[in-house]
Amino acid sequence: MADKKKKKGFLSNWVVRNLLIAVVLVVVLIAGSMIFLNLVTQHNKELQVPDFSNMSVAEAEYAAAEAGMRVEVTDSVFVKRMKRGAVYRQNPTPGSKVKKGRRIVLTINAVNAKKVTMPDLVGLSLRQAKAELMSRGLVLNRLVYVQDMATNNVLRQLKGNREIEPGTMIDSESQIDLVLGLNDLDNKAYVPDVTGLKNMSAVEALFDHSLNVKDLRFDDTVKDYDDSLSAMVYRQVPEPSDSISVAMGEEVMLYLTKDAKRIPVKKTKDE
């Protein structure tokens, strides 16, 4: 009986009672805040970002909404080999983990190609012409050799087998063929070793040696345009040689892969 009265007296003390109430309120507030934050931030409920590449903007918006996020186009590029208006790049990348409602930034392939001015390449050397084409956003497609006193001197410039005049407005990334001179006393080239080089670097190396690319053959590790740019040469035909010469303009077939294990180990001269 005395213990009950003592306990009752303890609880009836206004200081103790107010402290207990304050403690209970703090606990309730903390618990409520944690529940609220979990609901708002979707704690431990991350979503996987879909792959929007090659989709139209409308398709990407629908796929994003289905996945619980949203997309926004912030930039564009022009890639001739891609469908116009298709998604070229995204951030965050496919497979990334994000919170619900996250904005995914898209870069699309421009609907209209950027126009550039065709330069005057006649009279330039092959090396000079290549640099000029690159600076204008144009692509060297093929080297055509004809009899002339000056080897690798540009005689004509062609687009689609037709001569194109300097100053003509054309789409960026248009492919340009060069008609070059070939002297009988200076008409041989050597096939360089381009195994292990990436796509564009290998093509550039062949042009630098006055050779053409017959075709690019990609294995099944190359899935899209981006993969093709980073793919490496694992085989070439004809094989490289610094002792057996070929005619300038000779074609070289390149085989490319994303699998580094397929790249042959190059032997040193001592081996």
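What share of the contacts in the chain with a separation of 6 or more comes from residues 24 or more positions apart? The share is 71%, where a contact means heavy atoms within 4.5 Å. This is a predicted model, in which local features need pLDDT of at least 70, side-chain atom pairs count only at pLDDT 80 or more, and totals for chains, interfaces and linings use all residues. Residues are numbered from 1 along each chain as its sequence is written, and side-chain values use heavy atoms, with hydrogens and water left out.

**Overall make-up and confidence**

- The chain has 6 helices and 16 strands; helices (H or I, at least four residues) and strands (E, at least two) are DSSP runs, numbered from the N terminus.
- Of the 271 residues in the chain, 33% are buried. Buried means under 20% relative accessible area, exposed means over 50%, and partly exposed lies in between (1.4 Å probe, protein chains only).
- The mean pLDDT of the chain is 87, and 88% of the residues reach 70 or more; pLDDT is the predictor's confidence in each residue, from 0 to 100.

**Strand β5 and its partners**

- Strand β5 (residues 103-109) is mostly covered, with 5 of its 7 residues buried.
- Strand β2 (residues 70-77) pairs with β5 in the parallel sense over 7 bridges; two strands pair if DSSP finds at least two bridges between them. Here Val71 stands opposite Ile104 in β5.
- Strand β3 (residues 87-91) runs antiparallel to β5, and 4 bridges join them. Val87 has Ile108 of β5 as its bridge partner.
- A salt bridge (a side-chain nitrogen of Lys or Arg within 4 Å of a carboxyl oxygen of Asp or Glu) joins the side chains of Glu72 and Arg103 at 2.9 Å, N to O. Glu72 lies in β2 and Arg103 in β5, so the pair ties together parts that are 31 residues apart in sequence.

**An open sheet**

- Strands β7, β11, β8 and β9 form, in that order, an open sheet of 4 strands with mixed pairing. Its edge strands are β7 and β9, each of which pairs on one side only.
- Strand β7 runs parallel to β11 (residues 175-182), joined by 8 bridges, and Val146 stands opposite Gly181 in β11.

**Helix α5**

- In helix α5 (residues 199-208), the buried residues are Asn199, Ala202, Val203, Ala205, Leu206 and Phe207.
- These buried residues pack against several elements, including α4 (126-135), β7 (139-147) and β13 (212-218).
- Asp208 and Lys130 form a salt bridge of 2.9 Å, N to O. The pair links distant parts of the chain, with Asp208 in α5 and Lys130 in α4, 78 residues apart.
- Asp208 is partly exposed at 35% relative accessibility, whereas Lys130 is buried at 12%.
- Lys130, Glu204 and Asp208 are linked in a network of salt bridges.
- Just after α5, Ser210 takes a positive phi of about 65 degrees.
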